[in-house]
Amino acid sequence: MPPFLFDFTLKKPNMTYVPEQEKSVARIKPDTGNSCPYSIPKLDEIFKLIERAYTVSKDKLLSDTFECGAIAISNKVDFTQSDEREKRYLQIINHYKPDEQKLIQDIFTKVYALLSSVVYDNGVFADYLGELFMRSNVGNKTAGQFFTPFHISSFMAKCALDESQVKAIADKDEIITINDPCCGSGGMMLAAADVLQNDYHINYARNCFIECADIDIRCVHMAYLQLSLAGIPAVILHRDSLTMKTWSVWKTPAFIFQYHRFAKYDIYRRTV
């Protein structure tokens, strides 16, 4: 199977040129009039595709889809790790028959479109992959792996992010830093971005940096996908946060594209 399984392009919306002198404005205006240029998939649509798996379990199909998707995005931007990750991608995908490879592609296409939709006015922030993960019974109940409902994450984000403090930071065009040492699928980090953008009207893509970690590599892949496709500058670590042993580092496109701005937070300049 060629390595470009996930190479596809969504239809681009009409763009308006923004003069250079206006790009440094930290605050964003609500109701900009943009709308998602494609039909936003529903979780039920994705779940129905997952149920079509017939030679592997749903949890393996979903885990492999998330890992291949995370690798596909990472390899477009993080060239320091692309060779090793490409080998891992081929190792996974070559175990599937062509029709199953097509199923993985179809699932990820909808996942990509759903997660990307949050950047538009009619997109809604939610822990989509966490919900999909739990609905597919992939969670590790023995280890007490239950993801926080998104409305609870939103409440906690509002409690943690003091409006006057974060606005003062953004008004100086400085960076709000957020850390989650046990991030799961990244739901709480998405809730924080939701609060910054939709409640406080702060451009999180410019004025926020997130570092998060999880011991479960499946969670790392989910968090990486969700934060990457929401346009959040972040570093996600496959790490045991108690011992600080770290196995891999995943840097989102928004972090790499603005590296000159966030470089001081990159203490993982070398591949772990």
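**Helix and sheet details in a predicted model**

Me: In which helix does I152 lie?
Reply: This is a predicted model. The residue in question sits within the stretch 150-160. That stretch is helix α6.

Me: Is I152 buried, partly exposed or exposed?
Reply: The relative accessibility of I152 is 34%. Buried requires under 20% and exposed requires over 50%. With 34%, I152 therefore counts as partly exposed.

Me: About how much accessible area does the nonpolar patch on the surface have?
Reply: The patch is formed by I152, F155 and M156. Taken together, these residues have an accessible area of about 290 Å².

Me: Is T65 buried or exposed?
Reply: T65 has its place in helix α2, residues 58-77. Its relative accessibility is 0%. The limit for buried is under 20%, so T65 counts as buried.

Me: Which residues does T65 touch, not counting those up to four places away in sequence?
Reply: Residues up to four places away in sequence are set aside here. With that done, the residues touched by T65 are I104, I107 and F108.

Me: Which are the edge strands of the open sheet?
Reply: The sheet has 4 strands in the order β1-β2-β3-β4, with mixed pairing. An edge strand pairs on one side only. The edge strands are β1 (176-180) and β4 (245-251).

How values were computed: Residues numbered from 1 in each chain as written. Predicted model: local features only at pLDDT ≥ 70, side-chain atom pairs only at ≥ 80, totals over all residues. Heavy atoms only, no water. Helix = DSSP H or I, 4+ residues; strand = E, 2+ residues; numbered from the N terminus. Buried < 20%, exposed > 50% of the residue type's maximum accessible area, 1.4 Å probe, protein only. Contact = heavy atoms within 4.5 Å. Patch = residues over 30% accessible without salt bridge, like charges linked within 9 Å, V, L, I, M, F, W, Y side chains within 5 Å. Areas by Shrake-Rupley, 256 points an atom, 1.4 Å probe, with all protein chains shown as cover. Salt bridge = Lys/Arg side-chain N within 4 Å of Asp/Glu carboxyl O. Pairing = 2+ DSSP bridges.
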